[in-house]
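Biologist: I would like to learn how to read a structure with several chains. Could we go through it together?

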There are 4 protein chains.
Amino acid sequence: MGHNSFGNAFTVTTFGESHGPALGVIIDGVESGFKIDREALQAQMNRRRPGGNPTGTKRNEIDELSILSGVYEGYTTGTPIAMILYSTNQKSTDYDHLKDVFRPGHADWTFFKKYGIRDIRGGGRSSGRETSARVAAGALAMQLLAKRGISIQAGTVQVGSVKTENRNWDEADNVMSCPDRVAAKQMIALVEQVRSENDSIGGIIECRVNGVPIGLGEPVFGKLQALLSHAVMSIGAVKGIQFGSGFACASMRGSECNDQRTQEGFLSNHAGGILGGISSGQEIVFQAAIKPTSSISRPQLTVNTNNETTTLVVEGRHDPCICSRAVVVVESMVAITLLDLYYTAFGKN
Amino acid sequence: MGHNSFGNAFTVTTFGESHGPALGVIIDGVESGFKIDREALQAQMNRRRPGGNPTGTKRNEIDELSILSGVYEGYTTGTPIAMILYSTNQKSTDYDHLKDVFRPGHADWTFFKKYGIRDIRGGGRSSGRETSARVAAGALAMQLLAKRGISIQAGTVQVGSVKTENRNWDEADNVMSCPDRVAAKQMIALVEQVRSENDSIGGIIECRVNGVPIGLGEPVFGKLQALLSHAVMSIGAVKGIQFGSGFACASMRGSECNDQRTQEGFLSNHAGGILGGISSGQEIVFQAAIKPTSSISRPQLTVNTNNETTTLVVEGRHDPCICSRAVVVVESMVAITLLDLYYTAFGKN
Amino acid sequence: MGHNSFGNAFTVTTFGESHGPALGVIIDGVESGFKIDREALQAQMNRRRPGGNPTGTKRNEIDELSILSGVYEGYTTGTPIAMILYSTNQKSTDYDHLKDVFRPGHADWTFFKKYGIRDIRGGGRSSGRETSARVAAGALAMQLLAKRGISIQAGTVQVGSVKTENRNWDEADNVMSCPDRVAAKQMIALVEQVRSENDSIGGIIECRVNGVPIGLGEPVFGKLQALLSHAVMSIGAVKGIQFGSGFACASMRGSECNDQRTQEGFLSNHAGGILGGISSGQEIVFQAAIKPTSSISRPQLTVNTNNETTTLVVEGRHDPCICSRAVVVVESMVAITLLDLYYTAFGKN
Amino acid sequence: MGHNSFGNAFTVTTFGESHGPALGVIIDGVESGFKIDREALQAQMNRRRPGGNPTGTKRNEIDELSILSGVYEGYTTGTPIAMILYSTNQKSTDYDHLKDVFRPGHADWTFFKKYGIRDIRGGGRSSGRETSARVAAGALAMQLLAKRGISIQAGTVQVGSVKTENRNWDEADNVMSCPDRVAAKQMIALVEQVRSENDSIGGIIECRVNGVPIGLGEPVFGKLQALLSHAVMSIGAVKGIQFGSGFACASMRGSECNDQRTQEGFLSNHAGGILGGISSGQEIVFQAAIKPTSSISRPQLTVNTNNETTTLVVEGRHDPCICSRAVVVVESMVAITLLDLYYTAFGKN
C-alpha cells in the first residue's frame, strides 16, 4: 500500500499540494446504499478551513467539496468515492522569499534532502492544507459511525499556560472546541497576544469516543491504541499521545491504576477504554500534544540551499495556534481508524 | 496483512501463547548473505527473560532460540527466518484460581468478549511473553542496522517518584538500563519496596537512536513518528509516547520550540530528530509511559464469568515493575520499524 | 489496501464510473525528478479511446488527461500524482432500455446482487472505461521502465479463425497491433463482418517484455508470473493467461520443455522468461485469452429485476472485438506490475 | 506484507527449506471456536506427500503436522495457528553432484543470481516441498469453507496425449484424482512409461468449486478470477490458467459465449461462474496447465557457477509427472483465496 493511504477495509488515499490546482481524497470500501449528509460533511470542512476561526490564519479559503464518483442519486454505491477541493486561490507570491531558504521547524529541509526537489509553494505536500482531504473522509466516516451509535468529539484542553480540568462538553461550541467556556475565552485572549508578538503557541487536544462496542482492535500489532496512535501521530503538529492516565501512570501504583469492576461496571477509567489492545466498552479517551506552529514572523537562524547561515522572517498570515483547527483533524483520523476496525470486526452491515 | 504481522519490506509475524508448546517469529524480507551473531541475539533475549533481572519476576525461564529456516551455514539466504522458543515450563497450576474470574487491568475480559473462548494459561496471546518473539526479530534487526551505522539504546528514566534528568549512557549497564547509576539504585530500592507491599509501579522509558540518515519516513500517513508510535504503542504496557519536547510543547512558544540551524548544524533538538515525518539526521529521541503491571497480590474488586462481583488476589510471581524488561522490547520494536523503513527507502544493499 | 488499488512500492488507485462526471487515478510512489513526456502519455491514451480505432465502437470520446498533483514544472516531485479524465459526454439515454434488465455476459447482475444498488449508466464501475485510468498510470510506468531499458509490447495474434504464427513486430503499427500485416487486414475484415451481423468475437493478445534484468519476482506467493497473472486477469475481458509454452506444456516431455543453456545463453524459451518465479533475463512472453464483448444487438434471453424471463437486444454502438483497444490495457497492467517489482528489488534510483 | 504471505482477512505465511530442519505455516485470522478435524487435515497432507502415490517420486516421507499455537483443547482460539512439519530425512548427499551446476528448467539459476547465495539441498525454498505448508493451511481453509457449504475438488484431466472430456467426479478417487476411471489408468500407464525413459511429462488439472454464494470478489483489481489466478499461478509447476471457456473464447462469437439466463437460471457456463469479477452463484470452473517436472535423469546442456557449458544428468528419485500430487496444492490455494474473500465479504460468523 502506498504511504499516502491509510486503512484496509476502509481505505483513505489523499493527494494534492497546498498550492497546486486541487487537493483530494479517494475513499475505498464504503458500504453501498448509505445516504450522505452533504451539509454535515461541509460543516466539518468549515471547522478546519482557514479564515473560519478567529484564532487561526486570516487567510480566507472556501473548502467546497466536489464528489466525482461513488455516489449515485445521493447514495453510496460501494465503489470508490473521490472528493476534490479545487484551489480557488493559488497565489504563490507570498512564498518567493522562501525560495532558497529553509524554514526552522518546518518540513522543507527534510523534503528537499529526501526528494532532491522543492515545491516552494506553501510547503507542497507537507502543508497542513493536506489535512482538508482527511477531514472530508473523516466527516463521512463519522456519519457511518453515527449510524452505528458511535460518536467522536475532540476539544482543546490546554493552550500554553491556560489549562482546564473541566469537561463540560456542552460548552464546547466555542472556536477552541474547549469543554470549558471560561477557559476558552482565556485561550483566545492568549492566542491573540501571541499573534501580536509575531509568535505561536502550543496546546493539548483531548478526544473522547462513546458508543464503541467491546471488541474493536486486535491483539499484538493491531492494538486499538497502536492504530489510533499511528493515525493521530500522522498529523504534522502532534508530538505526543497518551491514553487514559497516560504519562501519569509513571507515578502510579497498580492498586491505583487498575480499573476495578463490579457487576454494575468499571469503577474508573485509567485505561482510557482499552484493555489488551481491545475496546472495553468504556469511553475511549486520549490526549494529543500540539506543538506551536513553526511559521512565525520573528527572525530565526537557518540555512539556505547552499548551507550558508542566514536569518529568516517568515512572512504571510499564519496560524498562531493550530489547536482550534486541528481538533477536527484529530476527530477525522479517529473516525477513519475506527470505521476501518469496525468494518474488519463486524462487516459492513 | 494479518494483525500478528508488522512491516512491509521487513515483515515480522509472531505466534504462540504464553503457556502453549512454543512461541515464535517469522522474519520475512531479510537481505541475503548476512552473518548472524547468535551470541548477540541471545544476549538481547536474556535482557528480557524472566528471572534475569532482580526487579522482575522471580520465575526463571531460559529463552533459547531455535532457528528453523532462512539461515545456511550461519548466513541469511534471503528466505524467511523462523525462530522458535520452545516452552520448557508449561506449568499452568498457578492459574487455576483465575479460571472463572477476570483480572482487573488485564486483557482477559476483552479477549473473552471478543473471541468467546478463553485460554486461561497465563494470558494466552496477550501475555508479555509474546514479546520474546519480537525481541528475537528486533535483535536481528539491530544487527542489520548496526551494519549501516545505526544504533538504538533505551533505558529507564523514571520509576514512580524516582526520576533522573541525567543522560550518562555509559552508566546504563545496570538492571534498569538507567543512564544514571545513582538513580538506578534508587529505582531498584523502590521496586523492592513495592514488591514487599504486594503492589506494582509504573515508569518512563526513553529511547534514542543515532546514525539514522536523513530521509527515513514518508510524508502524510507514513510519518516516522507515526510508524514508531504504532510500533511502540503495540507493547501492552505502554500508555503514551512523546517525541522530543512532546507534551512540554503545549507550554512552549514557536520561537522557543523551533530548532534553529546554522551551517554547523541544528542548535537544539525539540523536534526529537524528525521534521515533517522524515528523519533530519539528528538523534531521534522519544519517551514511552509504562503503566504499573496489572497482576498484583492485593485484593481487588472484579467480576466472574457470570458477571457477579467478587474479590481477587492474583497469585504467582509477577513483575512489580516491568520497565527493566520492557526496555529491550522498546528497542526491538524501534529496530523492526527502522529497518523496514531503511529497506524501503534505500534498498537492501 | 483497498480493492481499487494495485501495487506496493508503486501503487495505482483508480476511481470513477463510466458515465459519472470523471474518472481518475492516483499514482503513489513515483520517484522524484522524472520529466514526464505528456505527448507519449496521451498517445497511449489515444490507442485505447473509443472512436480511435475502426474495429472498435463508433462512439467518439476524447480522453484528455488533467494532472492535479505530484508534478511541478513538468517533473515528478515524489508525491502522489492525480490524473483525471473529465467526462465530456455523459449522455445516459442509450441505457434507458437496460434499466430493469440484466445484460447477458455482463457484470450488472452480480453487481446488483452484491451491492443492492444499480448505476445503470454504462455499467458504472465495471465498464471498460475504467481501464482508461489504468492506461494513464501504465503509460507513465512505461516511461519509467524505458529509462531502465525495459520495453513492453503487446499485439493481437488471433481473432476468431484468423491466427498468425508470425512475429514481425515492426509491422505491428496497424490498428490491431498485430505483428503480421497480412493477418491484421484479415482480422479487420472479420471484425467488420461480425459487426454487420450484430455480433462480437474474441481473440488472443500476446505480450513480450524485453530488457528485464535477472531477479524480478519473489519466490513463493510473489512469483513474477503470479503477479502478472493477477494484473492481466483483472482486465474484465481476459479469460485465461499462459506463459511461454503454457497449455502446450501439457503435451510436452521434460526433455523438450526444459530450456537448456550453454555459456552463450539459453537455447530456447519454453519458460517464457521466468524460472522459479524470478525473471531469468530472457524475453518475458505470455498470451491472454480475450472473450467476445458481451454487449451485442441480437436478441438474447435474460431476466429483469423481478427475475422474469425476457428477451434483450442491447442497443448502442459497442465494440465488436475489444482486442485492438485491450492491447494497451494489457501493456499498462504489465508496466504497473513490473515497475512495482523493480522499485521493490532495486530501489527508485 | 512479506512475499511469503498470502491473503488479508485470512493470512497464510510459509517458511522453511526442503532439506532444512522444518517447514511450516502461520495461519492468521481464523475465526475462534472452530473444532479442527485433525484426521481430515492429515488426509489432505497424505495426498501430497512423496511416496504416497505410484505416479510420483519413490521417496517416502511422512508429513506429520505439529500444531504449536492457536488451538486450545481442539478448538481454534482466534490467535495465529502455527503448524510445523519437522524433517525426518535431511539426507543431502543426493545433491552433491549439483553443487556447482544449475539444473535446466529449475529455479536454482535465478535464485543464485538474485540472492548471491545457494542452498543446494533440494532446491531450498523453491522446492515443491514448500507446498506441503500450503496444503496444511488449505486443508484447514477447506474445513472452514465446508462449514459454509462450499466444496472444492480438483483432478487431472490430461497427461500428455491422454485427455478426457468426461467429468464423472464420483470416479475421481484414483491416484490422478481423474474424473474418468478409464482415462486415469491410461494416464498412470503413460507416466510409468515416461519414468522408464528417464523423462517427465506435463498435464492439465481442472478445478471446480460449488456452493459459492453470489458476491465473492471485488471489482477492478480484486476480481475473483484475478485473485484465483495469483494464487494458482504461484504454484511453481503451473504455466497457465483459464476460466470457463478460457482460450476457446478466442474463436467464439458473443452470441455463443454469453451465458443467457431465464428465471430458472443460467443456460450455460462459459464464464466459469464469474461475472465482472464477482461470483455469480454458478459452479466456478478453471483449468491449470502443468509443465513437465524439470528434474530428469537424461543428459542436458547447462552451465556451472563459472558459466562454463557442461552436461548434467540429475540423479535421485524425482516425480515423472507432478499432476497427481499438485491436485491437492491447487485445491489448497483455491481454498485459501476463497476463505479470505468470504471473510472479507461476509465476516467470520
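This is a predicted model: local features need pLDDT of at least 70, side-chain atom pairs count only at pLDDT 80 or more; totals for chains, interfaces and linings use all residues.

Biologist: What rotation superposes chain B on chain C?

Modeller: Two copies of a chain are related by a rotation about an axis and a shift along it. Here chain B is brought onto chain C by a rotation of 180 degrees with 0.0 Å of shift along the axis, at an RMSD of 0.0 Å, with the superposition done by least squares on the C-alpha atoms of residues with pLDDT of at least 70 in both. That is the relation of a two-fold axis, and in chain B the C-alpha nearest the axis belongs to Gly347(B), 2.7 Å from it.

Biologist: Which residues of helix H4 of chain D are buried?

Modeller: A residue is buried if 20 or more other C-beta atoms, placed from the backbone, lie within 10 Å of its own, and helices are DSSP runs of H or I with at least four residues, numbered from the N terminus. In H4(D), residues 181-196, the buried ones include Ala183(D), Met187(D) and Val191(D). Seen down the helix axis, the buried residues of H4(D) fall within an arc of 140 degrees, so they line one face of the helix; the arc is that of the directions from the axis to the C-beta atoms. After H4(D) comes Asn198(D), with a positive phi near 60 degrees.

Conventions
Residues are numbered from 1 along each chain as its sequence is written. Chains are lettered from A and ligands numbered from 1 in the order in which they are written. Helices (H or I, at least four residues) and strands (E, at least two) are DSSP runs, numbered from the N terminus. The expected span of a helix is 1.5 Å times one less than its number of residues. A residue is buried if 20 or more other C-beta atoms lie within 10 Å of its own, exposed if 12 or fewer, and partly exposed in between; C-beta atoms are placed from the backbone.
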